[in-house]
Amino acid sequence: MHRPLWILAVLILTANASRGQSPSTPDQTEQIKTLLERVQQLEKRLAEVESRLPASSTPVLSAANAPAKPEAYEARASAVQAHEHDQAEPKVATQQLETHYPSLQIRGFGDVDFSATDQKGTNSGFNLGQLDLHLASALSQKISYFAEITFNAHPTDYTVEVERSIIRYDYNDYFKLSFGRYHTPIGYWNTAFHHGAWLETTIDRPFIVKVGGTFTPVHFVGLLAEGNIPSGGLGLSYNVGVGNGRGEVISRPGDAGDINNNRAWVAKLYARPPKLYGLELGASFYQDKITLVTPTAQDFREWIASAYLVWTKGAPEFLAEFDNVHHRNILTNQVANNDAFYVQFAYRLPWLERSLKPYYRFEYAHMPLSEQVFTHFDQGESIVGLRYDISSYAAFKSEYRYTKSQPGVLGLLAQPAINGLFFQTDFTF
Amino acid sequence: MNATSKRVVIILWTILWLSVALHSPSSAQTSRGADIAVVVNADTPVTDLSLSEVRKVLLGERQYWNSKLPVVLLIRAPVARERDVVLRVIYQMSEAQFKQYWVAKIFRAEAASPPRIVYSNDMQYELLTALPGAIAFVDSRNVRPGVKVLRVDGHLPGDREYPLR
């Protein structure tokens, strides 16, 4: 019963110990390098100023006597003598910083995992997580392309998956139109964290947005309009999209074409009130027609409603999301309501450069016996863990999970609870 | 939720409470210096922003001054005091959180590029005058001609209520 507490204590102690032994991090090295560069720049400027000191009478604009109007401020600033030193170096740097099109940026994410559970028939051991490449390229001032490609380890080979491929045209902040393959803007997690494990606090995603899962359509192929809504203190934004919806395999979108003549649509409205920096709350709706090919051809109407509330500052971090997936058999009118939610709480501790973040998540999913599209069991899961950011771009995570599931089919016995220990190191490069 | 889960939650709350109680205020403060002016390219059609609006610009949630003029964010490299003030007052993030925020922002396809890092005032002014839509944060004692200083919450650097210091 006390196992989770012991694990938490051991994790904290281990993290502290390893922190104490670690030499200077890459960040510190980077900062020292930057400092040295800055010292050199300042020394150079000081020498230049000193060489011109007798002739120099440059007035310094003081914050204490700043004029009342910006125009006057600017005029006052105009009175300040311009620096006359050689500006060749800044100009070279400026040219380097000017945007050239296309400007391709590549970033990668990776993770290595270890798991051990008491589930019968499973082995403990290491496994490679997804190797994820993200590409972002500005094609012009208002046109950008984004792509995400993953390499996934399987028992006999690797598969390559185009997770996202999006070209976006920005008109202004209120209207941006894009086309391609997205993570469906349902709820929060699916569009906040994508595939890089380093981005999320925990080791794995919640059940409702599991990679390869079916509860919600994780991907979407089509077009999407998005932008801010002039709403003052509410800070509203929107996403509205039309696309192919679920494909023949319901965990996948119709990349090569829709399975039926019905388009799926999605609409999401969310608020980030400026006065409550860190808070985001939103709701989304998704509608589609699902065509199941096996075991017998059947059509279903699918209606997904989702709501979430998050506080994204690390101290504390709070995520809560609820999804309802409603299915109606078009032929028989039989309906089923599937519900799932998760609540996650984390807190970035103030010590050790805020590198430690303990967390807890509870999630639950319920699929009734009347459900005909999903085959999953009802499931409840608690996880407790610790994230340790060893640098700005790499982390260790340790997690204990307690999972209890129950078959959704009459006559089958309840499964025994599963206890598991999971470790992960994840990073971006 | 079973009894074990409840105990875990209680322990986490205890850790949280202790961390708040023991939080050192010095970690969130930097030494007091001159006000940090918000300056933009002289042609930028803005003269006054609230602190929330400045935050929105810096978070990449406002990316256009108008339909034809994108925002170009300039931020000083680590260790510069201007950067410390921007991270502490506007972003309310540590250096690591700031880096992680922009990696995530680009990864979500919400922005095509992070803020441009500038290593000196000279470089900053060069870019401010050369790039329409550029916005930067400058020690108010070093404001030079050719740029526009914005009011923040109706105040200019030097005012008692000015928030960026």
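In this predicted model, β5(B) and β7(B) pair in the parallel sense, with two bridges between them. B:V72 is the residue that stands opposite B:A134 in β7(B). β7(B) also pairs with β1(B), here in the antiparallel sense and over five bridges. Within that pairing, B:V38 stands opposite B:F137 in β7(B). Strands of a sheet pair through backbone hydrogen bonds, and the pairing may be parallel or antiparallel.

These strands belong to an open sheet of six strands in chain B, ordered β2-β8-β1-β7-β5-β6, and its pairing is mixed. β2 (48-49) and β6 (116-118) of chain B are the edge strands; each has a single partner strand, so one side of each has no neighbour in the sheet. β6(B) is joined to β5(B) by three bridges, and the two run parallel. In β6(B), B:I117 is the bridge partner of B:I75.

How many residues of β7(B) are buried? Six of the six are, so the strand is largely enclosed by the rest of the structure. Their side chains divide between two directions: B:A134, B:A136 and B:V138 point one way, while B:I135, B:F137 and B:D139 point the other way, and all are buried. In a regular strand, side chains alternate between the two faces of the sheet.

α3(B) touches β1, β5 and β7 of chain B, and its direction makes about 110° with that of β7(B). The buried residues in α3(B) are B:E82, B:R83, B:V85, B:V86 and B:I90. They cover an arc of only 160° around the axis, which puts them on the same side of α3(B). The elements covering these buried residues include β1, α2, β5 and β7 of chain B. After α3(B) comes B:Q92, with a positive phi near 55°.

α5(B) lies across β1, β5, β6, β7 and β8 of chain B and runs at about 150° to β7(B). Eight of the 10 residues of α5(B) are buried, so this helix is largely enclosed by the rest of the structure. The buried residues are B:N121, B:D122, B:M123, B:Q124, B:Y125, B:E126, B:L127 and B:L128.

A further helix, α2(B), has B:V54, B:K56, B:V57 and B:L58 as its buried residues. They pack against β1, β2, β5, α3, β7 and β8 of chain B. Just after α2(B), B:G60 has a positive phi of about 80°.

What do these elements enclose? The largest nonpolar core has 37 residues, and those with the most contacts inside it are B:V38, B:V39, B:L74, B:L128, B:A134, B:I135 and B:A136. At least two residues of this core come from each of β1 (36-41), α2 (51-58), β3 (64-66), β5 (72-76), α3 (81-91), α5 (121-130), β7 (134-139) and β8 (147-152) of chain B. A second, separate core has 28 residues, among them A:Y188, A:I208, A:V209 and A:Y364. In soluble globular proteins, nonpolar side chains tend to be buried together.

Chain A contains five helices and 17 strands. Of its 429 residues, 34% count as buried. Among the contacts in chain A between residues at least 6 apart in sequence, 53% join residues at least 24 apart.

Some backbone details remain. Most residues other than glycine have a negative phi, and most peptide bonds are trans. A:Y101 and A:P102 are joined by a cis peptide bond, with omega about -10°; A:P102 lies in the loop between α4 (88-97) and β1 (103-117) of chain A. A:L352 is not a glycine, yet has a positive phi of about 50°. A:L352 is in the loop between β13 (335-346) and β14 (356-366) of chain A.

B:A109 is likewise not a glycine and has a positive phi of about 65°, and its place is the loop between α4 (95-107) and β6 of chain B. Are A:L352 and B:A109 buried or partly exposed? A:L352 is partly exposed, with 13 other C-beta atoms within 10 Å. B:A109 has 24 C-beta neighbours inside 10 Å and therefore counts as buried.

Definitions and conventions. Residues are numbered from 1 along each chain as its sequence is written. Chains are lettered from A and ligands numbered from 1 in the order in which they are written. This is a predicted model: local features need pLDDT of at least 70, side-chain atom pairs count only at pLDDT 80 or more; totals for chains, interfaces and linings use all residues. A nonpolar core is a set of buried Ala, Val, Leu, Ile, Met, Phe, Trp, Tyr and Cys residues joined through C-beta atoms within 7 Å. A residue is buried if 20 or more other C-beta atoms lie within 10 Å of its own, exposed if 12 or fewer, and partly exposed in between; C-beta atoms are placed from the backbone. Helices (H or I, at least four residues) and strands (E, at least two) are DSSP runs, numbered from the N terminus. Two strands pair if DSSP finds at least two bridges between them. Two residues are in contact if their C-beta atoms, placed from the backbone, lie within 7 Å. Axes are lines fitted to C-alpha atoms, for helices over the stretch in contact, and angles run from 0 to 180 degrees between N-to-C directions. The arc is that of the directions from the helix axis to the C-beta atoms.
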